[in-house]
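My notes follow in the order I checked them.

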Amino acid sequence: GSGNNTRRFSLDRERKERKKTPHTCIRTLLLFHDVVVLLGKSKRDYTYQLGNVWIRDVCDSDVQSVFQLVTPETTHTLVCPTQEIKKSWLDRLDRCIRRELRTVTEEWATELLTGIFPRSKQTHDEDPENGSSDESGRQAHNAASGALSGSSPVVDDWYDRHYVNRVGSYKFADGRSYEGEWHGGHCHGLGRMHYADGSIYEGMYIENMREGEGRFTSSTEVYEGYWKGDRRHGEGSWRSGDNEYLGPWKDGQMDGKGSYTWANGDLYFGNWKEGKREGIGRMLYNSGGVYEGMWVDNRREGKGVFITRTDKYEGMWLR
């Protein structure tokens with residue numbers, strides 16, 4: 001930015017009563033037309049694009065001159081010399097951030113989100129068969145639509161509506177990159193995350209966690225289905241090479257009644273628990289044999305029947 005668009009602010013840290021409030025050790029704040037720079041006391045500086053910055057007023061009974069700069073990875077708590085200076089900087093930051101957001105057109109945001117799963121699916125608004133997944137899917141879809149109470153005091157302008165809820169991109173220090181919807185510094189709503197190892201998640205987020213419908217793709221597997229608390233949870237399909245599972249998940253593991261097909265042609269349909277065959281299930285072997293009965297810890301155990309082309313056994317099974 002040019003000198004005319006730069007604001008400089010020295011942050012007073014010497015008054016004893018301010019030591020009660022934890023804060024980032026910042027010496028100077030510089031505001032440009034497109035970035036904000038925080039100069040640290042320990043030779044640590046921070047530079048953020050204004051499109052990736054949220055401001056938050058802090059109502060502290062002990063220190064009234066405090067506000068926060070919120071970014072996707074860090075929240076800086078800053079103490080101003082006076083309440084008047086604090087108000088002045090909140091106003092300046094607010095104006096600059098809103099001006100930067102106006103460079104993001106509604107058409108660009110709509111085009112970006114339309115290409116992200118599950119919005120790219122024609123049926124993404126349809127109710128899934130699993131009831132619990134249905135609720136989490138609706139919540140995440142509402143979040144993606146910006147249906148958050150108190151998101152902004154002004155709703156007449158598209159940019160005002162997207163001041164707290166906005167669409168943008170960010171590259172994290174660990175190599176991840178995200179594009180999609182945000183809420184107050186969190187990945188929140190519909191988005192796409194590229195990981196450093198080349199894997200990709202695209203789908204719903206709630207406060208930085210995968211929640212609702214989404215698809216995860218890596219060099220070894222593809223999962224498409226529902227998530228809860230950043231884990232696979234609900235109805236979903238999984239493929240790894242020629243191995244495939246269709247059915248429910250719980251806390252990141254296959255759990256419930258589902259089917260699994262192995263690369264060699266074996267097929268199992270029945271109950272799963274914590275990623276293992278557990279309970280009643282039916283196994284069709286590629287050799288032509290069929291087992292139907294009880295399973296414990298991925299093994300035939302309990303009452304069951306095994307049939308081949310020439311033989312049949314019905315009775316109890318032990319490990």
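Predicted model: local features only at pLDDT ≥ 70, side-chain atom pairs only at ≥ 80, totals over all residues.

I then listed the buried residues of α1: Lys86, Trp89, Leu90, Leu93, Cys96, Ile97 and Leu101. They lie on the same side of α1, because they cover an arc of only 140 degrees around the axis. I also checked the length of α1, residues 83-101. The 19 residues should span 27 Å at 1.5 Å a residue, and the end C-alpha atoms are 27 Å apart, which agrees.

Next I looked for disulfides and counted zero.

For salt bridges I searched the whole structure and found 12. Arg215 pairs with Glu202 at 2.8 Å, N to O. This pair links strand β12, which holds Arg215, to strand β11, which holds Glu202, 13 residues apart. Arg215 is partly exposed at 23%, whereas Glu202 is buried at 12%.

Glu221 is in the loop between β12 and β13, and Arg232 is in strand β14, 11 residues apart. Both are buried.

My last entry is the salt bridge of Asp297 with Lys276, at 2.8 Å between the closest N and O atoms. Asp297 lies in the loop between β20 and β21 and Lys276 in strand β19, so the pair ties together parts 21 residues apart in sequence. Asp297 is partly exposed at 29%, and Lys276 is partly exposed at 36%.

Methods. Residues numbered from 1 in each chain as written. Heavy atoms only, no water. Helix = DSSP H or I, 4+ residues; strand = E, 2+ residues; numbered from the N terminus. Expected span 1.5 Å × (residues − 1). Buried < 20%, exposed > 50% of the residue type's maximum accessible area, 1.4 Å probe, protein only. Arc of directions from axis to C-beta. Disulfide = S-S within 2.5 Å. Salt bridge = Lys/Arg side-chain N within 4 Å of Asp/Glu carboxyl O.
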